[in-house]
Amino acid sequence: MDTMRWNGESLELIDQTKLPVEVKFEQCKNYIQVAEAIKGMVVRGAPAIGITAAYGIVLAAKEAIQMDSRSFYAHMEKAIQELGSTRPTAVNLFWAIKKMQAKLDQCKGQANSEIVKELEREAQAIHKDDLRMNENIGSYGNELVPHQARILTHCNAGGLATAGYGTALGVIRAAHEASKEIKVWVDETRPLLQGSRLTAFELHQDKIDATLIADNMAGYIMQQGLVDLIVVGADRIAANGDVANKIGTYSLAVLAKEHDIPFYVAAPTSTIDMELESGKYIPIEERDKDEVRFVYEQQIAPKEIKVYNPAFDVTPNNLITAIITEKGVCRAPYTDTLGKLFEE
Ligand code: MRU
């Protein structure tokens with residue numbers, strides 16, 4: 001199933017807020033609709049929002065095709081600024097925007113119609129490359145998965161969070177394709193339930209043996225000896241290997257350490273932010289308090305109760321067994337091993 005489809009005129013996004021109950025595509029015809037879709041989590045997951053923003057920039061250029069050069073660039077600047085202010089944590093968003101901006105700068109002096117074509121090609125390349133990166137992450141990650149492994153994952157780092165195949169779910173898919181008879185524990189992932197709604201949906205569709213648990217059950221099943229490894233995705237990895245990912249990831253990493261369970265992070269190099277020395281500089285998004293007071297329309301807490309709703313946490317590098325990228329598997333000291341990925 002496609003997370004997103006580009007048809008040359010508009011971007012179709014599978015509406016992830018409706019899954020798994022309804023499989024419905026939302027059409028974005030302009031960059032404002034794209035920015036709204038990212039903010040509203042119609043599309044989510046670090047690589048997916050990067051690709052979506054890239055297409056948003058193409059739509060912005062199409063909207064401005066008839067403008068004079070000055071107005072065209074002013075419009076593009078506004079669009080880039082708007083798309084860049086949708087969600088702060090996942091660095092893939094800024095990585096993709098930077099690539100599109102570089103292409104735009106390269107095109108200076110060309111006709112608007114030519115610029116649109118170049119931007120479209122760039123967005124499509126970002127889209128296609130992400131799929132290839134996930135397949136490589138899967139094949140490197142598969143080497144770390146023992147036969148009959150019981151794997152725990154958190155949130156959704158699957159096809160829906162990427163161009164397809166997934167990062168953490170890419171590792172799981174590759175192990176399944178290698179006939180390893182794996183079993184997967186799926187954390188439901190409160191407050192927005194990306195685990196139960198999206199990961200459970202993807203694994204069920206692929207006929208991978210999956211069992212859903214509420215987040216607070218993870219420690220118990222680790223204590224019972226029922227987890228052989230944990231694999232999660234990432235929203236931003238600092239140069240020292242600290243990892244920002246969906247809230248709850250850090251607790252799992254601490255539990256994994258206590259129970260001597262390998263804790264893996266699977267992410268493309270577009271998720272690594274070499275400009276940030278450590279995780280303490282990663283901006284953590286705080287979302288609407290009603291996401292905790294309500295489950296969809298159902299109120300589950302007093303409306304006036306105080307709520308704290310950080311969407312991500314940071315797992316320190318010392319709790320991470322390895323980081324699986326499309327270029328290979330990195331282990332501590334991460335400043336060296338991650339740094340080597342960017343040497344060329
Ligand atoms: O708030 P979300 O659903 O965008 O958060 C997603 C995650 O935390 C994923 O684990 C991460 O983006 C990796 S996706 C390959």
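Is Arg287 buried or exposed? Arg287 counts as buried, at 15% relative accessibility. That residue gets its own close-up below, alongside several others, and everything shown comes from a predicted model.

Close-up 1. Arg287 counts as buried because its 15% relative accessibility falls under the 20% cut-off.

**Close-up 2. The Arg150–Asp228 pair.** A search of the whole structure turns up 18 salt bridges, and this view picks out the one between the side chains of Arg150 and Asp228, at 2.9 Å from N to O. Arg150 lies in strand E4 (residues 150-153), while Asp228 lies in the loop between helix H8 (218-223) and strand E7 (229-232), so the pair ties together parts that are 78 residues apart in sequence. How accessible is Arg150? Arg150 counts as partly exposed, at 27% relative accessibility. Asp228 also counts as partly exposed, at 28%.

**Close-up 3. The largest cavity.** The structure holds 3 cavities of 30 Å³ or more, and the view here is of the largest, with a volume of about 200 Å³. Of the 23 residues that line this cavity, those closest to its centre are Arg44, Gly45, Ala46, Asn156 and Asp235. Which elements give two or more residues to the lining of the largest cavity? They are helix H2 (46-63) and strand E9 (243-246). Sorted by type, the lining residues of the largest cavity come out as 11 nonpolar, 8 polar and 4 charged. Domain 1 (4-134) and domain 2 (141-340) each supply at least three residues to the lining of the largest cavity.

**Close-up 4. Asp313 and Gly248.** Now for a pair that is separated in sequence: Asp313 and Gly248 are 65 residues apart along the chain, with their C-alpha atoms 6.9 Å from each other. Asp313 has its place in strand E14 (residues 312-315). What is the relative accessibility of Asp313? The value is 11%, so Asp313 counts as buried.

**Close-up 5. Two cysteines, Cys28 and Cys107.** Cys28 counts as buried, at 0% relative accessibility. Cys107 is buried as well, with a relative accessible area of 2%. If you're wondering about covalent links, a disulfide is a bond of that kind between the sulfur atoms of two cysteines. How many disulfides does the model have? With sulfur atoms required to be within 2.5 Å, the count comes to 0 disulfides.

Notes
Residues are numbered from 1 along each chain as its sequence is written. This is a predicted model: local features need pLDDT of at least 70, side-chain atom pairs count only at pLDDT 80 or more; totals for chains, interfaces and linings use all residues. Side-chain values use heavy atoms; hydrogens and water are left out. Buried means under 20% relative accessible area, exposed over 50%, partly exposed in between (1.4 Å probe, protein chains only). On a 1 Å grid over the protein atoms alone, a cavity is a set of points where a 1.4 Å probe fits but cannot get out, and a pocket is an open set with protein on both sides within 12 Å along at least five of seven lines; lining residues have an atom within 4 Å of a point. Grid points are joined across faces, edges and corners, and a volume is the space filled by probe spheres set on the points. Helices (H or I, at least four residues) and strands (E, at least two) are DSSP runs, numbered from the N terminus. Ala, Val, Leu, Ile, Met, Phe, Trp, Tyr, Cys and Pro count as nonpolar, Asp, Glu, Lys and Arg as charged, and the others, Gly among them, as polar. Domain bounds come from an automatic or database domain assignment. A salt bridge is a side-chain nitrogen of Lys or Arg within 4 Å of a carboxyl oxygen of Asp or Glu.
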